[in-house]
Amino acid sequence: MSSLANERVAAIKDYVVNYGNLSDAKASELVHKALDLESRRNALKKKYFERFEKVLSGKFAAKFLQIENQLLLIIDLQLAANLPVVE
């Protein structure tokens, strides 16, 4: 997760640097990068849920994933609240 977070920070920095003169191509590139990161993050959560489910009860594995999702949503909300929307 930390390497994905680092990639996300780099993408956000790229967005901030290019915000004032964001071209269609750059906007598209950044969206594709964000969607790829989101997809990879979900795949990683699925992988770990499946590992936990094998050694823990289904309810405990579900609780782990639920808490992880809640924490990630809080972080996502904080980021979204502080980034300007594309003009």
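Let's start with burial. Of the 87 residues in this chain, 17% count as buried. Keep in mind that this is a predicted model.

Now the fold. The chain has three helices and zero strands. Along the sequence the pattern reads α-α-α.

Next, overall dimensions. The radius of gyration is 16 Å, whereas a compact globule of 87 residues would have one near 12 Å. Along the principal axes, the C-alpha atoms fill roughly 50 × 20 × 15 Å.

How does the chain hold contacts across the sequence? Take the contacts between residues at least 6 apart in sequence: 63% of them join residues at least 24 apart.

On to helix H3. This helix covers residues 58-82.

Which residues of H3 are buried? They are Ala61, Leu72 and Asp76. And what covers them? The cover includes helix H1, residues 2-18, and helix H2, residues 24-55.

Last, the surface and the charges. The accessible surface of the chain comes to about 6600 Å². Carbon and sulfur atoms account for 61% of that surface. As for charge, the chain carries 13 positive and 11 negative side chains. The centres of those two sets lie 9 Å apart.

To recap: three helices, zero strands, and 17% of the residues buried. In H3, the buried ones are Ala61, Leu72 and Asp76, with H1 and H2 among their cover.

Note on methods: Residues are numbered from 1 along each chain as its sequence is written. This is a predicted model: local features need pLDDT of at least 70, side-chain atom pairs count only at pLDDT 80 or more; totals for chains, interfaces and linings use all residues. Side-chain values use heavy atoms; hydrogens and water are left out. Helices (H or I, at least four residues) and strands (E, at least two) are DSSP runs, numbered from the N terminus. The radius of gyration is taken over C-alpha atoms; the globule rule is 2.2 Å times the number of residues to the power 0.38. Buried means under 20% relative accessible area, exposed over 50%, partly exposed in between (1.4 Å probe, protein chains only). Contact means heavy atoms within 4.5 Å. Accessible areas come from the Shrake-Rupley method with a 1.4 Å probe; for residues, only the protein chains shown count as cover. Lys and Arg count as positive and Asp and Glu as negative; His and the chain ends are not counted. The place of a charge is taken as NZ of Lys, CZ of Arg, CG of Asp or CD of Glu. The expected span of a helix is 1.5 Å times one less than its number of residues.
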